[in-house]
Amino acid sequence: MRPRIGLSSSSIDAGAATSARRCGVNCTYLDWVTREGGAPLMLPNVDPDAATAMLDACDALLLTGGDDVAPLLYGREPERQMGQVDAPRDEFELPLARLALERGMPILGICRGIQLLNVAAGGTLRQDLASDPAATVQHRMKTAGGPAVHHSIDIVPGSRLHTLVGHERMAVNSYHHQAVDDVADGFQATATSADGVIEALEPIDDRNILAVQWHPEVMPCERAESRALFAWLIEAAKG
Ligand code: MN
């Protein structure tokens, strides 16, 4: 039986020709979940009252990449350089993530997913690394051609991430301009870039939760370090 993996979705700007609001998920996430043995279920951004019943249909949750989380949701004012916010998504995904945490569901967070998870659990975010003098590594890569890695990360020995990827240092891609600031209670940073930016979060206990700041799903399908993360989620979802 394929476990059912719920994936959070982004609002899609339908353009000037129509006022219809749409939701979508990059197929890279859907393809990875399917290839590693799961059945992906897209979770549209609707009234959060529906989140409980929607999660009932899922065995695990994948919090996907997307726009910036609205700063008021973690108790801060917006800084000048922060990016676009997806309000319907914030309004649905934050309660969704909190519900999944309450239920002890397996969760994999990617990019915005690590940020949203941290906010859902009570943490805060850095709003723009590019204008932050402390962030000396380039975290928003600009590359022509296919998937590539961009900067290194150091992984805490003995962490879940270390167990899964098998190295204490690895190269990752980087397509973000925000990052985790204060880590939520009950969580710990288990990977950082050379400038100290948090690149992975895990719970301090053995809950099946892992979140990363890079994009394993845009790497080639034979990449072992990406396969390990998706395979872990599928196995955890089989519970
Ligand atoms: Mn990065």
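**Group meeting: a cavity, a sheet and a metal site**

Hi everyone, let's start with the largest cavity, which is lined by Val-149, Met-170, Ala-171, Val-172, Asn-173, Trp-214, His-215, Pro-216, Met-219, Arg-223 and Ser-226. Before I go on, this is a predicted model, where local features need pLDDT of at least 70 and side-chain atom pairs count only at pLDDT 80 or more, while totals for chains, interfaces and linings use all residues. Residues are numbered from 1 along each chain as its sequence is written, and side-chain values use heavy atoms, with hydrogens and water left out.

Points are joined across faces, edges and corners, and a volume is the space filled by probe spheres set on them.

The largest cavity comes to about 40 Å³, and searching the whole structure finds one cavity of 30 Å³ or more. Its biggest contributor is β9, with three residues; strands here are DSSP E runs of at least two residues, helices are H or I runs of at least four, and both are numbered from the N terminus.

β9 takes us to the sheet. This open sheet has nine strands in the order β4-β1-β5-β6-β13-β12-β11-β8-β9, with mixed pairing, where a pair needs at least two DSSP bridges. At the edges are β4 (39-43) and β9 (169-172), each pairing on one side only. Neighbouring strands are turned by 20 degrees against each other on average, direction ignored; axes are lines fitted to C-alpha atoms, for helices over the stretch in contact, and angles run from 0 to 180 degrees between N-to-C directions.

Helix α1 (residues 27-35) packs on this sheet, touching β1, β4, β5 and β6, and its direction makes about 150 degrees with that of β4. Contact there means heavy atoms within 4.5 Å. Helix α4 (residues 112-120) lies across β5, β6, β11, β12 and β13, at about 120 degrees to β6.

Now zoom in on β11. Antiparallel pairing over five bridges links β11 (187-193) to β12 (198-203), and the two form a hairpin with four residues between them, where Gly-196 in the turn has a positive phi of about 85 degrees. Ala-191 faces Ala-200 of β12, and Ala-191 is also the bridge partner of Ile-155. β8 and β11 run antiparallel too, joined by three bridges.

So which residues coordinate the manganese ion? They are His-139 (ND1), His-151 (NE2), Ser-174 (OG), His-176 (NE2) and Glu-199 (OE), at 2.3 Å. Donors are N, O and S atoms within 2.8 Å of the metal (3.2 Å for Na, K and Ca), and water is not among the atoms, so sites may look incomplete. Their spacing in sequence reads H-x11-H-x22-S-x1-H-x22-E. His-139 sits in the loop between β7 and β8, and His-151 in strand β8, so this pair ties together parts that are twelve residues apart in sequence.

The largest pocket has a volume of about 290 Å³; of its 18 lining residues, Ser-10, Ser-11, Gly-66, Asp-67 and Asp-86 are closest to its centre. The second largest pocket holds about 180 Å³ and has 14 lining residues, with Gly-66, Asp-68, Arg-140, Tyr-175 and His-177 nearest its centre.

Note on methods: 1 Å grid on protein atoms, 1.4 Å probe; cavity = no way out; pocket = protein on both sides within 12 Å on 5 of 7 lines; lining within 4 Å.
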